[in-house]
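Take a look at it first, and then read the points below with the structure beside you.

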Amino acid sequence: MRWGLSGVLLSATFFGSWGLCALLFPGLGQDVALALAGLATAVVSLPLGVWAGNQRPSVRDASRRFNRGRLDPDGRGQVVVGEIPREPPAYQQRLDLRQQLVDIRGIAVVTAVTGSRGIGKTHLAAGFARHCIAQGWPLVAWIVAEDENQAMAGMDRLARALGLTARQDDSLTAARKARAWLEVDAGARSLLVFDNVPDPEPVRRWLPAAGAAHVIVTSTSHACEDLGTPVRVEAFSLSESVAFLHQRTGLDEDADAQALAEEVGCLPLALGQAAAAIRTQRLSCRTLLERIKSMPMDRLLLTSPGDHYPDGAAQAVLLALRTVEDADPLARTLTGVVMVLSAAGTFRTILHAYAEHEGNSGGVTCADIDATIGRMVEASLLTFTLDGEAVLMHRFTQRVLRDRARRTGTLDEPTLLAAQLVAACRPTRADMWDRRAVVKHLILQTDALWAPAVPESATPTTREILGLRIWGDHALWTIGDALLVLERAPQVIADCRRLLGDDCEDTNQARYGLALAYGALGRHDEATEMNQNIVDWYTAHRGPDHPMTLNHRNTLGNNYLESGRDFGDPARLQAAIALHEETYARYKRAPRPDDALALRSAVNLARAYREGGRIREAVSLAEQLLHDSERAVRRGEESALRLGRPTLWARAVLAQAYAADENVVAAMPLIEQTISESSTEYGAHHPYTWDYRLQRAAILQQAGRPSIAITEIQNAVAYFAEIQGEYNASTRQALVQLADTCREEGRLPEALEAYERALASCTHTLGTDNPITLHVAGHLTELRNRHGSRPTRRVRRLLGHRGSA
C-alpha cells in the first residue's frame, strides 16, 4: 500500500513540476524543464522511500507464532507442523497405550510386536498428537521420516515455523537449530513425532539429546527401540476387534465377527476396510468372510521375505478396493495415482488435475474427483490430513496395491499418469516464489515416483519423471535454494547420462540446473565451464541462431559478467560484452525475432557496458530500451505482456547507468518507480523488490545520504537472511555491500561485523580459495589493521591456514 501511494505521489510530483515550469516559464527549454522536474522528484523521493520502506520485513506465514524461538509472552496460538492424519471412523482410543506415551519422559519408540504394518502405530501417535492439539500444547510437529532427506526437510520446516531461521537457514543448519531449540527451549508441552522410520539412522542425528519435549518415533523395526523407551503395539484383541466391527457396521454377529477378525489378523487397518465393505454393500460378516477366503492371493500379490501380515489383511484391502471400484470406476484411476505417490500425503490439487488431463475421456470434474475421494475415505482406503488439503494412503495399503500392479504388469500406467498430473501442477516461474511450498511438495512427489526402483531403460514413464527431476532443480534455483540443487543435481545428471546418453538435450538441461546453482552461489568458474559446453551442444545440434542457443549464450554472458564483477577481472567483463553484443545482434537478425528475449539480451548488454566502464553506451542503450518497452506496453503487444513487467528491467538498468554516469538526479526517480512497480507486481517483500532496494541504497549513498543507505541495506540483509538463509548468495552480496558502505563511511565496527558474516558465508559455500572469499578476507584484514584489533577466533577458524586474517 505504501509503495503504491509513493509511486502515485512521485508521478504527480514529476508531471506537476513539468507542467508548472511550462506554465510559469513559457520560454524555458524542454530539456531544462525536464531536468527541473526530475530534481523536484528526486528531492521528494528520498523521504517517501524511507517512509515506504521503514518497516523491517516480516514473513507472512500463518504458522509463525514464535519470537526468537520462544513462545510470545501473551501465549498467542500454537504451532502445528506437518500432515497429521485425521481421526478414522470408530477410532479405538487404546487409552492404556496413550497413557504410556504420556508417562514417558524423553523419546517413546512405538513399534509393532509383529513388525507388520497396519497395526495402528501411526494412528496411535496421531491420536496423541490430536489430543495435544486439543489440549492447547504450544507445539505439535509431525514429520514423516522414511529417509534422512525427509527427516532433515521436516526439521527444516519446523525451524521455519518456530521462527528460528533469521540466520543460517539452509536446510541442514535450520534442522540443527530446530534440534537445539528442542534441547534447550522446548517445554514439556511440546510434541515431535517422527513417523514410519525404517531404521535408526534417518532420525538419530535429529533426536534431541536433552530437554523436556515429548518425542515419538513410530517404526516397524525393533532396531529403533534403542532410540528410546519402547511402546509395543499389538493388533487389536478379539474383543476389541469385535467391538470395532459392531461400532462400524451396526451388526450384532459376535461369532462371525470374531471369525472375520481372526482372518484379517485383527489388524486395525484391515478391520476398517472390512467394516466399510460390510456397511456399503449391506453384507453380513459371514458373507464378507467367505469372499475374502475365496480371493486368489497367490495370483495377485508378490511375497517378500519378512512379510508378517496374514493373507486375510491383504485380501481385505483388495476387497475394499473392489467394492469402491464397482460403485465408482474413477476410484481405480485415483487409487493408482495415490499408491505410487508419497506416503507423506498428496495434495488434492494433484488429483484435481485429472479433470484437465487428456486421458479424461468421461468428462470427470473436480467435484467428481472429490466425491470419489470421499468414497475412498469411507472405505478406509484414504484418510484426510487435519486441514483437508491432502489425502493419505496407509503404507500397507500402498504396498498391497503396488504388489498387485507389479504381479499383473499394470504398474507403469498409473505411474506415468501420476507423473503427468504432478507436471500439470507446476507453477509458472513468475509464481514459484509465492508457491514455494507447492514446488517442494511436487519435488517430494517426484522423488517418490523415482524411488521404488532404479529403471534400466528409458521408457516414456522414466523420461517423464526425469523431466520432473530436471524441472525440480531449475525450480529450486528459482526460489533461491541453490545449495539443495548442489546435493540433488549430480545424481540427476548421472541418471540422465545412464538412460539417455551424453548427447541428449535432457542431459544438457540437467547440467544446466547444476550450472545455475554454481552461478548463484558464486562458483563462477564451474558455472562458466559447464555453460560453455551447453552452448557448444546447442550450437552444434540446433544452430547458432536457435532461441535455445541464444538463451544459453545469454546465461554464459552473465557468467562472465558476474565473475568479472565479483573477481575484479576486466578481461572477463570484456568477454561478457563481446558475448552479449553478438547475442543481441543475432536476436535482432532473426526472421521472426522474439521481442521478449531480445529485450532481456539488450538489458544484459547494457549491464555489461556499465560494469565494463562503457558508461555512455550503457546509458544510450538503456534509454532506448525503456522507450521501446514503454511503447510496447502502451500498444498492448503480446510479447511485452508475456514479459509481465518489461519496463522494470529497462528502468532499473537505466537507473544504474545514470548512477554510474554520476547523474543521481535522473537515477533516483527511476529506481523509485521501479521499486513501486515491483512492489505492485511481485509484492513489497519479494526478492526482486529487495534487489531494487539495494540498488536504491547505492544511489542514496552516492547522493550523500549514507545513513539512509545503510539502514536500507541493513533491512535487506535481515530480509535475505530470514527468507533465504545466511549462506545464500543474495545475503552474502547484501552483507558485502553493507560492509563496504560502512567502511567507506567510517562506521568500522559495523563494517567488521558484516565482513565477518560475509566471510562465514563465503567459506561455507565457496571454500577458502575462491576469489570472492579472498576479496572479503582481504578487506577484513585491512580493516582490522586500521581498527587495531586482532582477528577473532571465529575468523581464524574460518580461514584455517590463513590465520592472519
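How many helices and strands does the protein chain have?

1. **Overall make-up.** The protein chain has 35 helices and eleven strands; helices (H or I, at least four residues) and strands (E, at least two) are DSSP runs, numbered from the N terminus. This is a predicted model, in which local features need pLDDT of at least 70 and side-chain atom pairs count only at pLDDT 80 or more, while totals for chains, interfaces and linings use all residues. Residues are numbered from 1 along each chain as its sequence is written, and side-chain values use heavy atoms, with hydrogens and water left out.

2. **Burial and contacts.** Of the 805 residues of the protein chain, 55% count as buried (buried is under 20% relative accessible area, exposed over 50%, partly exposed in between, with a 1.4 Å probe and protein chains only). Contacts in the protein chain between residues at least 6 apart in sequence join residues at least 24 apart in 71% of cases; contact means heavy atoms within 4.5 Å.

3. **The nonpolar cores.** A nonpolar core is a set of buried Ala, Val, Leu, Ile, Met, Phe, Trp, Tyr and Cys residues joined through side-chain atoms within 4.5 Å. The largest nonpolar core has 174 residues, and the members that touch the most others are Leu260, Leu288, Leu351, Ile369 and Ile373. Apart from this core lies another, of 32 residues, including Leu162, Ala175, Ala186 and Val215.

4. **Helices H5 and H6.** Helix H5 (residues 148-162) packs on helix H6 (residues 171-184) at an angle of about 65°, with the axes 7 Å apart. Axes are lines fitted to C-alpha atoms, for helices over the stretch in contact, and angles run from 0 to 180 degrees between N-to-C directions. H5 and H6 are therefore roughly perpendicular to each other (angles under 35 degrees count as roughly parallel, over 145 as roughly antiparallel, 65 to 115 as roughly perpendicular and the rest as oblique). Among the residues making the contact are Met152 and Leu162 of H5 and Ala175 and Trp181 of H6. The residues of this contact divide into eleven nonpolar, one polar and two charged; Ala, Val, Leu, Ile, Met, Phe, Trp, Tyr, Cys and Pro count as nonpolar, Asp, Glu, Lys and Arg as charged, and the others, Gly among them, as polar.

5. **Helices H31 and H32.** How do these two run relative to each other, and at what angle do their axes cross? The axes of H31 (residues 706-723) and H32 (residues 729-744) come within 9 Å and cross at roughly 155°, which makes H31 roughly antiparallel to H32. The contact involves residues including Ile713 and Phe720 of H31 and Leu735 and Leu738 of H32. Here the division is nine nonpolar, five polar and no charged.

6. **Two positive phi values.** Most residues other than glycine have a negative phi. Asn196, however, has a phi near 60°, and so does Glu662. Asn196 lies in the loop between strand E6 (190-195) and helix H7 (201-204) and is buried, with a relative accessible area of 10%. Glu662 sits in the loop between helix H28 (646-660) and helix H29 (664-681) and counts as exposed, at 68% relative accessibility.

7. **Thr674.** Do look at this residue in helix H29: Thr674 is buried, with a relative accessible area of 0%. Leaving aside neighbours within four places in sequence, Thr674 is in contact with Leu648, Arg651, Ala652 and Tyr692.
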